[in-house]
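Subject: Model for you to look at

Hello,

Here is the structure I promised to pass on. Please open it next to this email. My notes follow below it.

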Amino acid sequence: MLYRFMVFLCLLLVSPVFATEQVKVDYMLNCQGCHLPDGSGFPARNVPKINDEVGKFLHVEGGRDYLIQVSGSAQSDLSSERLARLINWMLVTFSANELPSDFQPYSVNEVHQLRQTPLINVNEVREGLIKKIQELELES
Amino acid sequence: MITRWLDNITEKSVRQGARKTSRRGFLQGVSTLLVGAVAYPLLPVFRQGAFASESVALQEEGDPNKCSYWRHCAIDGYLCGCCGGSSTSCPPGTVVSDITWIGTCTNPTDGRDYIISYNDCCGKGGCGNCPCQRDARDTPIYRPQNSNNLNWCTGSQADTPYHCSLSVVIGVRE
């Protein structure tokens with residue numbers, strides 16, 4: 001059994017070049033450079049951690065808007081359609097456990113509207129939201 | 001004393017091996033490996049490459065230590081291959097910056113677009129060998145995620161001094 005598992009592992013390591021799906025390519029080209037492949041970011045240098053975190057923003061007022069208005073989203077060169085798909089994918093991929101039970105994916109229209117007003121004072125807004133999230137976590 | 005102990009250990013393990021395995025079992029294992037190796041890439045599973053990993057199946061031509069090498073299509077810096085490392089690994093004494101910028105280059109050998117991670121190697125002063133600046137799809141600095149004109153070492157665990165840059169294939173576009 002162990003032997004077969006080892007064989008399987010070896011095969012995994014030598015798997016050939018894979019085609020990458022479009023939403024993943026969008027993540028790689030627009031987010032991964034800083035937020036890293038697993039979404040862990042680099043908090044010591046102010047690159048927010050996404051995995052196990054990003055879904056929490058949907059629990060507090062303003063959080064849903066923030067995820068689109070933050071400069072990395074709003075000012076990316078992605079179309080609103082691709083941005084919506086990317087953010088929905090990131091929420092489900094990196095933070096499924098933190099999503100609200102009534103989670104509604106972003107629509108293209110919603111994303112398009114929100115990104116018309118990108119945030120100027122990102123850090124301030126972010127800190128406010130994180131404070132609200134922490135209060136929510138203390139309550140529960 | 002020691003040789004006797006070694007003898008005992010060896011004898012024990014060989015006998016145990018003989019009891020537990022058979023020649024057919026060995027053949028079965030090898031066959032499984034062969035069939036598995038052929039069948040595995042055909043399975044309809046999405047495979048995501050690990051960060052900064054290289055694929056063995058990539059077909060390509062060219063010299064990684066020349067600026068004209070296809071993967072360097074959006075690089076801006078010194079080629080690590082000329083600085084004691086390679087195009088995919090940092091020279092000794094430097095640390096790879098995980099935080100980086102990522103672009104795409106067309107591989108002329110197979111005509112496909114590959115996703116390239118241009119990680120900087122940091123911790124030593126500028127290497128100075130093989131300077132190379134090519135700016136395919138590079139964006140102005142106000143779109144930092146797609147700009148090669150940044151010292152990515154400043155945003156990483158490696159810290160500021162910039163030494164050279166890598167060109168690592170991390171995916172391929174469909």
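Strands E3 (residues 102–106) and E4 (residues 113–117) of chain B run antiparallel and are joined by five bridges. One pair to find on screen is B:Thr106, which stands opposite B:Asp113 in E4(B). The hairpin of E3(B) and E4(B) has six residues between the strands. Within that hairpin, B:Gly111 takes a positive phi near 75 degrees. Bear in mind that this is a predicted model.

E4(B) has another partner. Strand E8 (residues 168–173) of chain B runs antiparallel to E4(B), with four bridges between them. Look for B:Ile115, whose bridge partner in E8(B) is B:Gly171.

Now the whole sheet. It is open and has four strands, in the order E1(A)-E8(B)-E4(B)-E3(B). The pairing is mixed. Its edge strands are E1 (19–20) of chain A and E3 of chain B, and each of these pairs on one side only. A helix of chain A also packs on this sheet: H2(A) touches E1 of chain A together with E3, E4 and E8 of chain B. The direction of H2(A) makes about 135 degrees with that of E3(B).

H2(A) has a helix contact too. The axes of H2 (residues 22–35) and H5 (residues 80–95), both of chain A, come within 10 Å and cross at roughly 90 degrees. The two helices are therefore roughly perpendicular to each other. From H2(A), the contact uses A:Val23, A:Asp26 and A:Tyr27. From H5(A), it uses A:Arg82, A:Arg85, A:Leu86, A:Trp89 and A:Met90. By type, these residues divide into five nonpolar, three charged and no polar.

Next, a residue in a loop of chain A. A:Phe57 sits between H2 and helix H3 (63–69) of that chain. Is A:Phe57 buried or exposed? A:Phe57 has 22 other C-beta atoms within 10 Å. The cut-off for buried is 20 or more, so A:Phe57 counts as buried. Leaving aside residues up to four places away in sequence, A:Phe57 touches A:Gly63, A:Tyr66, A:Leu67 and A:Leu129. A:Pro100 is 43 residues from A:Phe57 in sequence, yet their C-alpha atoms are 9.6 Å apart in space.

Back to chain B. This chain has two helices and eight strands. Along the sequence, the pattern is α-α-β-β-β-β-β-β-β-β. Of its 174 residues, 32% count as buried. Take the contacts in chain B with a separation of 6 or more: residues 24 or more positions apart account for 73% of them.

Helix H1 (residues 2–20) of chain B is worth a look. H1(B) has 19 residues and reaches 27 Å from its first C-alpha to its last. That is close to the 27 Å expected at 1.5 Å a residue. How many of the 19 residues of H1(B) are buried? The number is zero, so H1(B) lies largely in the open.

Last, a three-stranded sheet in chain B. This sheet is open, with the order E2-E5-E7 and antiparallel pairing. Strands E2 (95–96) and E7 (162–165) are its edges, each pairing on one side only. Strand E5 (residues 120–122) of chain B pairs with E7(B) over three bridges, in the antiparallel sense. In that pairing, B:Asp120 has B:Ser165 of E7(B) as its bridge partner.

Best wishes

Terms used:
Residues are numbered from 1 along each chain as its sequence is written. Chains are lettered from A and ligands numbered from 1 in the order in which they are written. This is a predicted model: local features need pLDDT of at least 70, side-chain atom pairs count only at pLDDT 80 or more; totals for chains, interfaces and linings use all residues. The expected span of a helix is 1.5 Å times one less than its number of residues. A residue is buried if 20 or more other C-beta atoms lie within 10 Å of its own, exposed if 12 or fewer, and partly exposed in between; C-beta atoms are placed from the backbone. Axes are lines fitted to C-alpha atoms, for helices over the stretch in contact, and angles run from 0 to 180 degrees between N-to-C directions. Angles under 35 degrees count as roughly parallel, over 145 as roughly antiparallel, 65 to 115 as roughly perpendicular and the rest as oblique. Two residues are in contact if their C-beta atoms, placed from the backbone, lie within 7 Å. Ala, Val, Leu, Ile, Met, Phe, Trp, Tyr, Cys and Pro count as nonpolar, Asp, Glu, Lys and Arg as charged, and the others, Gly among them, as polar. Two strands pair if DSSP finds at least two bridges between them.
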